[in-house]
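The sequence and structure are shown first.

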Amino acid sequence: MSIAKNITELQKELNPIGVSLVAISKTKPNEDIMEAYDAGQRIFGENQVQDLVAKYESLPKDIEWHLVGHLQTNKVKYIAPFVSLIHSVDSMKVLAEINKHALKNNRTIDCLLQIFIADEDTKFGLDHAEAIELLRDEEFQALKNIRIRGLMGIASNTENEKIVKEEFYELKMLFDGIKTTYFRKVDSFDILSMGMSSDYKIAIEQGSNMVRLGSTIFGKRVIKHFKAK
């Protein structure tokens with residue numbers, strides 16, 4: 001199916017159940033993004049800051065840009081003027097830097113705390129105890145130009161659905177606990193971002209209300225092999 005048809009089908013699937021779709025456009029040319037845009041998609045996610053900035057500058061300004069990849073403190077200043085949501089906050093240091101540049105741009109920047117749920121060393125994120133410690137920190141409570149909208153997690157890269165289901169279930173339980181304890185009277189703490197192309201249906205079953213899909217929309221990346229001459 002075409003990108004436009006994929007978007008249409010996903011909207012039919014996700015809109016009635018209140019799940020937001022982030023189209024992961026990393027490595028994709030502007031033409032592909034515009035095909036999704038013309039089909040009605042407005043939220044796009046990028047892994048790399050430099051790609052996010054370049055696409056923001058060249059594409060329609062009503063796109064909501066999300067940063068879904070690991071964020072280094074020295075890169076925050078480049079996206080602070082326009083980013084809609086940062087999914088990957090994994091330390092107090094990063095959060096403080098976002099707050100600093102949000103203040104400079106007279107903005108409040110929405111963020112998700114990235115929680116480490118996978119059984120893999122390559123993933124970033126806070127563990128449960130670190131997330132609670134951050135929320136209790138007086139330094140965090142003094143930040144006025146960031147808004148924690150919820151949590152994000154990436155499940156293990158495995159075909160074992162039981163493991164994936166358990167990891168998403170664990171994250172939903174943490175989300176509910178944090179909501180009750182720290183954000184009971186805060187309506188804006190409302191995003192649980194979990195699920196990618198390989199596991200988004202399981203994520204939705206476990207309570208996700210925001211999924212991050214790349215290949216389901218744009219197709220799998222084609223890796224070309226060239227024979228040596």
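This is a predicted model: local features need pLDDT of at least 70, side-chain atom pairs count only at pLDDT 80 or more; totals for chains, interfaces and linings use all residues.

Helix α8 spans residues 161-182, a run of 22 residues. From its first C-alpha to its last it reaches 31 Å, close to the 32 Å expected at 1.5 Å a residue.

The buried residues of α8 are Val164, Glu167, Phe168, Leu171, Leu174, Phe175 and Ile178. Because they cover an arc of only 115 degrees around the axis, they lie on the same side of the helix. Glu161, Lys162 and Thr181, on the other side, are exposed. The elements that cover the buried residues of α8 include strands β5 (109-115), β6 (146-153) and β7 (191-194), together with helices α6 (128-136) and α9 (200-205).

Leaving aside neighbours within four places in sequence, Glu167 is in contact with Ile117, Ala118, Asp119, Ala155 and Ser156.

Leu171, also a residue of helix α8, is buried with a relative accessible area of 0%. Not counting residues up to four places away in sequence, Leu171 touches Ile115, Ile117, Leu151, Met152, Gly153, Leu192 and Met194.

## Aromatic pairs

A search of the whole structure finds four aromatic pairs. In one of them, the rings of Phe44 and Trp65 have centres 5.9 Å apart and planes at 40 degrees, so the pair is tilted. This pair links distant parts of the chain, with Phe44 in strand β2 (residues 43-46) and Trp65 in strand β3 (residues 64-67), 21 residues apart. Both Phe44 and Trp65 are buried.

Tyr56 and Phe82 form a stacked pair, at 3.8 Å centre to centre with 10 degrees between the planes. Here Tyr56 belongs to helix α3 (residues 49-58), whereas Phe82 lies in the loop between α4 (76-79) and β4 (85-89), 26 residues apart. Tyr56 counts as partly exposed at 25% relative accessibility, while Phe82, at 11%, counts as buried. Elsewhere, Phe175, Phe183 and Phe189 form one aromatic cluster; Phe175 is among the buried residues of α8.

## Charges over rings

Tyr56 is also approached by a charged side chain: Lys61 lies over the face of its ring, at 4.7 Å from the ring centre. Likewise, the charged end of Arg42 sits over the ring of Tyr37, 3.6 Å from its centre.

Key: Residues are numbered from 1 along each chain as its sequence is written. Side-chain values use heavy atoms; hydrogens and water are left out. Helices (H or I, at least four residues) and strands (E, at least two) are DSSP runs, numbered from the N terminus. The expected span of a helix is 1.5 Å times one less than its number of residues. Buried means under 20% relative accessible area, exposed over 50%, partly exposed in between (1.4 Å probe, protein chains only). The arc is that of the directions from the helix axis to the C-beta atoms. Contact means heavy atoms within 4.5 Å. Rings of Phe, Tyr and Trp (its six-membered ring) pair if their centres lie within 6.5 Å; planes under 30 degrees apart count as stacked, over 60 as edge-to-face and the rest as tilted. A charge sits over a ring if NZ of Lys or CZ of Arg is within 6 Å of the ring centre and within 35 degrees of the ring normal.
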